[in-house]
Amino acid sequence: MDNINVTRSTLPPYEEYCAEIRELWDSRWLTNMGAKHEKLRLELKNRLGSEHLELFTNGHLSIESAIEAMGLAGEVITTPFTFASTTHAIVRSGLDPIFCDIDPANFTIDATKIESLITEKTSAILPVHVYGNVCDVEAIQHIAKKYHLKVIYDAAHTFGVRYKGRSVGNFGDASCFSFHATKVFHTIEGGAVAYRDEDFGRRLAKLKNFGLDGPDDASEIGGNAKLDEFRAAMGLCDLRHIDEEIATRKRVVERYREQLGGVPGIQLNPIQPDVMSNYAYFPIVINEAVFGADRSQVMTALAAQSIHARKYFYPLTSEFSCYKGRFDPGRTPIAKQVSRRVLTLPLYPELPLDIVDRICGIVLSCKK
Ligand SMILES: Cc1ncc(COP(=O)(O)O)c(C=O)c1O
């Protein structure tokens, strides 16, 4: 039986990609902000409705570059219920992550717990729109304004998500997207920062290109985080199909919800009011005491049928061995509990609905 993985990368028709890269053989301009890069930047800026947008070689370096361009120092309030990248970006920038607990209903930062974590060393809040769920952007903005803090959103999961009609990229000082191969929209590897402040943007653009100002000087100690033309071409192709792909994802999610909604002991990812979702992930949170089986039992039952769900996100980033002894995961008890109960089920546009039915059948067969 073919393996069903938690995700499967989408690809445009082969001929479409070949046609898109054909002219690179004439221009020989393969990277360094060429024509494809600029075209993709403008198309994404329009698509995401952001004032400004800078492309990056991946989402992780977009976060590190945004932190550096913003000149953050000291402490950054964030959550440990995320992918390694969010926390690593803060620590690799020489800053201290201060972990805030999450909202048990949508798994994003619990905005009511942020203020008690603010000290004179706090310079920013770095919340994650986890699974594409939108953080409490209004409360976060209110706090940031009151304490003069910067806000950088990890928007890696949120391509195309809108809140009250506005793209998620329009909240905070910057929003960092990932265009990794497994994401709703991808450039194989890639990322972007959506932002408003032009001075910040100028620094950001420089930092991704060795800090160069031109051929004769570098005014910043920058790195290299440029998106090349071949990957920009993949993005241009992907964009032509994205609406159809999100619509297909929606059908898969609806099928899951029909069968797993209302099952005692299974909490589904919420449908958030005023949010237009991108249907990026389908996490379920299993309460063993009510459901009668735990997350591992369900995962094992699925794996026996070649269906590979993921404990996404487990463990908390604050529990990684590289941070041993540095953080106390007990200080974010809800995040800890969710990470022990969550199971992310397969979801991608080409996932057949009869496979979704099979997955749901296996999950429900574990119920005691
Ligand atoms: C929440 C989150 N932040 C950041 C990243 C990093 O993005 P990338 O893999 O494009 O570097 C990811 C990626 O998978 C992610 O899930």
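A polar contact is a pair of N or O atoms within 3.5 Å; within protein, one atom must be able to donate a hydrogen and the other to accept it. By that rule, the side chains of T86 and T82 are joined by a polar contact of 2.7 Å. The model is predicted. It holds a ligand, and that ligand sits in the largest pocket.

**Ligand surroundings**

- The shell around the ligand counts 15 residues, and G59, D154, H157, S178 and K183 come nearest.
- By class, ten residues of the shell are polar, three are nonpolar and two are charged.
- Two helices each supply at least two residues of this shell: α4 (59–70) and α5 (84–92).

**Polar atoms facing the ligand**

- D154 places a side-chain N or O atom 2.7 Å from a nitrogen atom of the ligand.
- H157 has a polar side-chain atom 2.8 Å from an oxygen atom of the ligand.
- K183 has a side-chain N or O atom 2.7 Å from an oxygen atom of the ligand.
- On its own, the ligand has 380 Å² of accessible area, and the protein covers 93% of that.

- T86 is found in helix α5, one of the helices that supply the ligand shell.
- Is T86 buried or exposed? Its relative accessible area is 0%, so T86 counts as buried; the cut-off for buried is under 20%.
- The T86 side chain makes a polar contact of 2.8 Å with the side chain of D154.
- D154 also has a side-chain N or O atom 2.7 Å from a ligand nitrogen.
- The side chain of T82 is another partner of T86, at 2.7 Å.

**F185**

- F185 is found in the loop between β9 (174–178) and β10 (191–195).
- F185 has a relative accessible area of 0%, and therefore counts as buried.
- F185 and H157 are 28 residues apart along the chain, and their C-alpha atoms are separated by 9.6 Å.
- H157 is among the residues that come nearest to the ligand.

**Backbone: positive phi**

- Most residues other than glycine have a negative phi, and most peptide bonds are trans.
- N32 is not a glycine, yet has a positive phi of about 60°.
- N32 is found in the loop between α2 (24–27) and α3 (35–48).
- The relative accessibility of N32 is 40%, so N32 counts as partly exposed; that class lies between 20% and 50%.
- H148 is not a glycine either, and has a positive phi of about 55°.
- H148 is found in the loop between α6 (137–147) and β6 (150–154).
- Which class does H148 fall into, buried or exposed? H148 has a relative accessible area of 72%, so it is exposed; the cut-off for exposed is over 50%.

**Backbone: cis peptide bonds**

- Where does F313 lie? F313 is in the loop between β16 (307–308) and α11 (333–341).
- The peptide bond from Y312 to F313 is cis, and its omega is near 20°.
- P315 also lies in the loop between β16 and α11.
- The bond from Y314 to P315 is cis, with omega near -10°.

Conventions: Residues are numbered from 1 along each chain as its sequence is written. This is a predicted model: local features need pLDDT of at least 70, side-chain atom pairs count only at pLDDT 80 or more; totals for chains, interfaces and linings use all residues. Side-chain values use heavy atoms; hydrogens and water are left out. A residue is near a molecule or strand if one of its heavy atoms lies within 4 Å of it. Accessible areas come from the Shrake-Rupley method with a 1.4 Å probe; for residues, only the protein chains shown count as cover. On a 1 Å grid over the protein atoms alone, a cavity is a set of points where a 1.4 Å probe fits but cannot get out, and a pocket is an open set with protein on both sides within 12 Å along at least five of seven lines; lining residues have an atom within 4 Å of a point. A molecule sits in a cavity or pocket if more than half of its atoms lie within 2 Å of its grid points. Helices (H or I, at least four residues) and strands (E, at least two) are DSSP runs, numbered from the N terminus. Ala, Val, Leu, Ile, Met, Phe, Trp, Tyr, Cys and Pro count as nonpolar, Asp, Glu, Lys and Arg as charged, and the others, Gly among them, as polar. Buried means under 20% relative accessible area, exposed over 50%, partly exposed in between (1.4 Å probe, protein chains only).
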